[in-house]
Every structure is written in structure tokens, then in C-alpha cells.
Amino acid sequence: MNAVTIDEHSSPLNAQQAAQLTSLIQSLSPAQATWISGYLAGLNATATVGEVAQPQPGAPAAASAEPLTVLYGSQTGNAEDIAEQLVARAEAAGLSAQAIDMLDYKPRDLKKEKNLVICVSTHGEGDPPDNAEELHEFVHGKKAPKLAGVNFSVLAFGDSSYEHFCQTGRDFDVQLEKLGATRVVDRMDLDVDFDEAAEAWIGDVLARFKEEMGGAEAPGGHTNVTVMPGASEQPAASQWSRKNPYSAELLTNVVLNGRGSDKEVHHIELDTEDSGLVWEPGDSLGVIPSNGPQVVAELIGALGANAEDEVTGLDGEVTLEHALTHQYEITTLTRPFIEKYAERAANDELNALLAEEARAQLAEYMDGRFIIDLVEDYPVAGMTGADFVRLLRKLPPRLYSIASSHAANPDEIHLTVAAVRYRAHGRERHGVASVHLADRSEDARLPIYIDHNKNFKLPADDAPIIMIGPGTGIAPFRAFMEEREERGATGKNWVFFGAQHFRTDFYYQTDWLRWRDDGVLTRMDVAFSRDQAEKIYVQHKLRAAGAEVFDWIESGATVYVCGDANAMAADVHDALIDIIAENANLDAEGAVGYLKTLQKEKRYQRDVY
């Protein structure tokens with residue numbers, strides 16, 4: 001969004017209002033700007049301030065009294081952003097619409113709905129995101145109501161590199177139909193690069209719901225917004241996005257581990273001084289990576305192609321080398337890719353792997369292998385580089401928890417990145433983005449953008465917090481502490497950290513000890529799993545301090561968990577349930593309900609991956 005100002009002389013606003021509106025506009029993301037424009041258009045279409053709008057002769061009918069309800073369930077905020085865009089476009093089309101977090105929605109109200117859209121992501125291995133768990137459980141339970149007369153559509157978010165791609169969206173889609181609801185538009189399953197597909201789906205859905213609900217295009221209006229001569233040619237902060245990333249200079253790249261560690265974790269600092277980027281503790285940084293030159297060269301060789309071959313890439317004609325380096329995912333094996341590749345391979349053995357009853361065998365084959373392994377194991381005669389790139393998905397950005405506070409370091413973003421390197425099936429492997437970052441020298445430039453996470457935020461300054469972050473999961477809590485220190489927050493702070501060895505893997509030890517000595521950090525419990533015969537993890541430390549943890553929770557503490565979703569997060573979750581059951585004198589069901597209440601109150605927040 002270009003720099004703008006509101007001219008109070010050519011608008012009905014006074015100078016203070018014009019200044020406030022100018023400041024707001026410059027701070028908005030594209031999704032926020034779209035929502036506000038739609039919201040205001042909807043207000044203008046229905047009523048002026050203090051009076052009911054009168055229909056004009058020949059004007060289309062007013063929107064249906066039955067609104068369009070958009071329920072979203074999202075771990076990182078993508079489904080929420082799209083839900084808000086859908087509502088903005090609906091209101092601009094003259095439809096009454098509202099977006100509601102599934103966590104804030106009363107499941108029994110489903111039977112009252114007439115027009116319903118579900119926007120929901122899938123978390124982990126086919127699980128609903130935290131804020132969708134209750135509604136997901138309700139519609140699959142005995143108390144789910146009959147939904148005859150409800151029109152619905154589902155937009156599912158996922159990552160096709162996971163076996164249970166878009167599973168939660170599929171679950172809702174199937175179950176709503178079983179309960180008697182009528183599908184208005186077929187479900188769309190969105191992969192990691194979803195913007196264009198989501199936009200097209202929203203258009204289809206609104207067209208169909210407009211037929212069902214009525215509604216008219218919101219009338220246009222004149223806005224006195226002008227781009228000031230001489231304004232900066234750089235886009236405002238809201239313009240930096242996945243589609244238009246900011247090129248940040250790498251200032252610092254140091255390994256946090258000591259000599260002899262089995263881990264390789266880097267502290268990265270990026271220069272954002274001239275970017276206008278703004279973030280809050282809990283947000284993530286999106287990094288647009290490139291595939292390594294050796295990986296690209298090996299794949300081109302396996303294809304028997306030439307690096308300079310011309311192919312149709314994402315933005316026109318480019319060389320095969322450029323497309324495979326900058327535009328496409330060329331490592332991660334996904335079932336959709338294998339299915340498309342198998343059509344060209346016409347190989348009985350590969351086709352057998354894709355049979356429904358062979359899911360376990362396919363998962364075993366995919367484990368630790370890259371796309372190049374498939375190309376070498378099942379070569380396709382005569383397939384050109386141009387043919388091959390048509391099978392690939394766009395190279396997705398990678399998200400990293402921001403490890404610094406904007407208030408404390410407004411001109412830098414810090415990251416904590418574990419470099420992924422391993423050997424499998426006779427070949428050296430590495431993570432695309434982690435090694436892309438780890439191997440960069442200072443002064444290199446990286447394309448970045450802010451990915452806001454509304455579901456992982458600090459409470460009021462006087463509220464206590466408990467932070468559980470082993471390994472690189474400690475990153476956002478470093479940002480939390482910087483923020484609280486900068487703001488002079490009075491709330492108590494307790495952190496649980498875990499790693500393999502005290503001597504080599506105590507990330508940001510100096511920072512934590514300084515905060516403890518200065519009284520900013522109230523307590524720190526650490527678990528170094530390999531420093532004794534019996535492995536000790538953060539969940540063990542949590543259980544050992546169970547009575548005090550519960551006292552903090554009863555005193556209003558918010559509990560945060562960041563890190564590995566597969567093992568750690570589940571173990572910590574179980575530990576919290578047991579702590580609550582024991583100290584609140586509840587059975588297991590009661591303890592689960594207690595934790596769900598904390599979640600609804602935004603006092604149990606997780607950023608797990």
C-alpha cells in the first residue's frame with residue numbers, strides 16, 4: 001500500500017480524524033484493508049449514521065435476514081485471514097456476514113444457522129487445530145443436531161507433504177452432509193500456496209450464496225485519499241507479504257551450540273531498519289528459500305535434462321535451473337506429486353504403492369526420501385524438464401518464530417534456527433530453508449515477510465505467564481521476555497527449557513541468567529535430557545513442580561507451549577491434565593474440561609509444529 005494521507009479540506013473529516021485515519025490506513029495489512037473496506041461498504045449499503053437507509057427506486061432487494069456465518073479454526077491464522085476476506089467480500093456484495101472463531105462459537109447454535117461456511121486447517125497428523133477441537137468433537141458426537149435446511153461449504157487448509165492432508169476440513173464436510181445440511185459449493189482442499197485458489201473459491205461461494213440469500217452490490221463511493229507527491233517509493237509495511245517479500249540483509253549468523261554438541265542451532269539477525277515491518281511477540285517470520293545448487297544440479301542430471309532448457313515457470317519462460325532453484329519444491333515427496341508422476345511412469349510397482357491398501361508401504365518409501373529418489377527409482381523415458389516442472393508444487397515459504405521484540409529491537413529480527421542435515425538411503429540430505437539460512441554469510445540478503453499469529457499473544461502486563469519451550473521452541477519466549485522487560489511489565493514469568501546437554505545446548509543462557517538476576521524472570525526450570533542416565537524432559541520438570549504450576553494457573557497465569565508437536569506437545573498436554581486433576585481434585589474428564597476452559601479464555605496457547 002503506497003503512503004497515503006487524507007485531506008481534511010476535501011473530506012467531511014476534521015484534522016484529527018483525518019490524521020487518525022491516515023495512520024490507520026498505513027498500518028493495515030491487505031487482508032485488514034479489504035475487511036474494513038467491505039465493512040464500511042456494508043454500513044453504507046444499509047444505513048447512514050443514526051437513520052435507516054431508504055431503498056432507491058429500482059434498487060436490488062436488500063440482503064436476506066439470515067446472515068452468512070463463517071466459522072474458522074486455525075492454528076497459525078491462515079484460515080482466519082481468509083475467513084475475514086470472505087466476510088469483507090460478502091458485505092461488499094450486499095450480504096450480511098460474520099466471521100467467528102470456532103473457540104468462541106456455541107456448538108448448539110449450528111442448528112440455528114441457515115448459511116454456513118467452514119474455514120479450517122489441519123494440525124499435526126490429521127488433527128483439528130486447538131480452537132476447532134470442541135466443534136469438531138460436537139458434530140461427530142451423539143448430541144449433534146439434525147441440520148436440514150442449513151446450506152454449507154467447506155474450505156480446507158493443509159500441507160500435502162502430510163499423509164492426512166486437509167483431514168479436518170474433510171471431516172467437517174462429510175459430517176455436515178450426514179447431519180442433513182446441503183452442500184452449496186464443493187469443498188476445496190488448499191495446499192501451502194493457497195492465495196489464488198482461495199480467492200477463486202470465495203468468488204464461487206459468494207455467487208452461490210448470493211443466489212440463496214439475495215443481496216446487492218454495495219454502492220460505490222468517492223474517497224478523498226491521495227498519494228502524496230514525494231512519498232517514499234518503498235511499499236508500506238502492509239505491502240510486504242508472501243507475494244512481495246522484503247529483502248533483508250543478514251547481520252549476524254552464529255552457532256549457539258558449544259563444541260561437541262550433536263545439534264547445530266543458529267542465532268540469526270536480520271536488518272529491517274528501512275522496511276517498516278512491525279511484529280508482536282508470538283508472530284513468525286516467513287522466509288522465502290531457494291533450493292541448493294547441488295540439489296538442483298543432481299536432479300537435472302537424474303532427469304537427463306539441460307540446466308539451460310527453457311520451461312514455463314511461475315512467471316513466464318525461464319531456464320530449468322532457475323525454475324528448480326527459485327520457484328518449485330524439489331525435495332519433499334508428497335502423495336499428490338507421486339500420483340501425478342505415476343501417470344507418466346506407467347510403472348506397475350509404483351502404481352501398487354499408490355493402492356489404498358498400501359498406504360503403510362508408501363509412507364515407508366517416502367520416509368527420508370526426496371523427489372530425486374523417485375526419479376531415479378522409477379525413471380520416465382522421454383520426459384523433458386518442461387514436462388517435469390508441471391508436476392511440481394510451488395516452493396512454499398518456511399515460518400520461524402521470531403526470537404526478538406520489536407519494542408526492544410525495532411530495526412532487527414532475530415531467529416533461532418536448527419539446521420537440518422542427515423544421511424538417508426545413501427544420500428546426504430538437508431532442510432531447504434534451515435540450511436539456506438544456516439549457510440548464508442553475513443551481508444547476504446533474504447526475502448522475508450511477517451506472518452502474524454493471533455493465537456499466541458502475551459496477556460496484560462500484570463498477568464503471570466508460564467512458558468514451556470524446549471529446543472528452538474524457546475525462541476518466542478526470548479521475544480516475550482524482551483517485550484516484558486521493555487514495557488516494565490509486573491507479571492511474574494516462569495520458563496521451562498530443555499535440551500540435550502547443559503554445557504553445549506543451553507540456548508541464550510546469558511540472556512536468561514541476566515533476566516533472572518534482574519528480577520524480570522521469576523523462575524527457570526531446565527531439563528537436560530542426556531546429562532544423566534535417565535532421560536529427563538520438560539514434562540518431567542513440569543510434573544515435579546505440579547503444585548506450584550497449578551497455583552500459578554489459579555492465580556491467573558497463561559500457559560504457553562512452543563516446539564515439537566509430535567511428542568513434546570502431547571506429553572506436556574497430558575502432564576497439565578494430570579497436574580490439574582491432582583491439584584483441583586478432579587477426575588480426568590473434569591481436568592480436560594478445566595484445560596479447555598483455559599483455552600477458551602486464551603490462557604492456554606500453543607505454537608507447535
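Predicted model: local features only at pLDDT ≥ 70, side-chain atom pairs only at ≥ 80, totals over all residues.
Is arginine 208 buried, exposed or partly exposed? Arginine 208 is partly exposed, with a relative accessible area of 33%, and here buried means under 20% relative accessible area, exposed means over 50%, and partly exposed lies in between, computed with a 1.4 Å probe on protein chains only.

Residues are numbered from 1 along each chain as its sequence is written, and side-chain values use heavy atoms, with hydrogens and water left out.

Let me stay with arginine 208 for a moment. Glutamate 211 forms a salt bridge with arginine 208, and the closest N and O atoms are 3.6 Å apart; a salt bridge is a side-chain nitrogen of Lys or Arg within 4 Å of a carboxyl oxygen of Asp or Glu. Glutamate 211 and arginine 208 are three residues apart in helix 6 (residues 195-213), so about one helical turn separates them. Helices (H or I, at least four residues) and strands (E, at least two) are DSSP runs, numbered from the N terminus. Glutamate 211, at 60% relative accessibility, counts as exposed.

By this rule the count comes to 44 salt bridges. In general, side chains of opposite charge can pair when their charged atoms come close. Glutamate 84 forms one with lysine 454, where the closest N and O atoms are 3.4 Å apart. Because glutamate 84 lies in helix 3 (residues 78-92) and lysine 454 in the loop between strand 20 (445-451) and strand 21, this pair ties together parts that are 370 residues apart in sequence. Glutamate 84 counts as buried at 17% relative accessibility, whereas lysine 454 counts as partly exposed at 39%.

There is also a network of salt bridges, which links Arg170, Asp173, Glu177, Arg183, Arg187 and Asp189. Within it, aspartate 189 forms a salt bridge with arginine 187, with the closest N and O atoms 2.6 Å apart. Aspartate 189 is partly exposed, with a relative accessible area of 25%, and arginine 187 counts as partly exposed at 25% relative accessibility.

Six strands form an open sheet in the order 16-13-20-11-12-17, with antiparallel pairing, and two strands count as paired if DSSP finds at least two bridges between them. Strand 16 (398-401) and strand 17 (412-418) stand at the edges with a single partner strand each, so one side of each is left without a neighbour in the sheet. Neighbouring strands of this sheet are turned by 40° against each other on average, direction ignored. Strand 12 (residues 265-271) pairs with strand 17 in the antiparallel sense over seven bridges, and valine 265 has alanine 418 of strand 17 as its bridge partner.

A further open sheet has five strands in the order 23-22-21-24-25, and its pairing is parallel. Its edge strands are strand 23 (523-528) and strand 25 (604-608), each of which pairs on one side only. Here the twist averages 10° from one strand to the next. Helix 19 (residues 546-554) packs on this sheet, touching strand 21 (465-468), strand 22 (493-499), strand 23 and strand 24, and its direction makes about 140° with that of strand 22. Contact means heavy atoms within 4.5 Å, and axes are lines fitted to C-alpha atoms, for helices over the stretch in contact, with angles running from 0 to 180 degrees between N-to-C directions.

Which residues have the most contacts inside the largest nonpolar core? They are Leu324, Phe337, Tyr341 and Phe388, in a core of 35 residues, where a nonpolar core is a set of buried Ala, Val, Leu, Ile, Met, Phe, Trp, Tyr and Cys residues joined through side-chain atoms within 4.5 Å. Several helices give two or more residues to this core, including helix 7 (293-303), helix 8 (320-327) and helix 9 (335-345), and the largest share, five residues, comes from helix 9. Leaving aside neighbours within four places in sequence, tyrosine 341 is in contact with residues including Leu350, Leu374 and Met383. A second, separate core of 30 residues includes Val538, Met568, Ile579 and Ile580.
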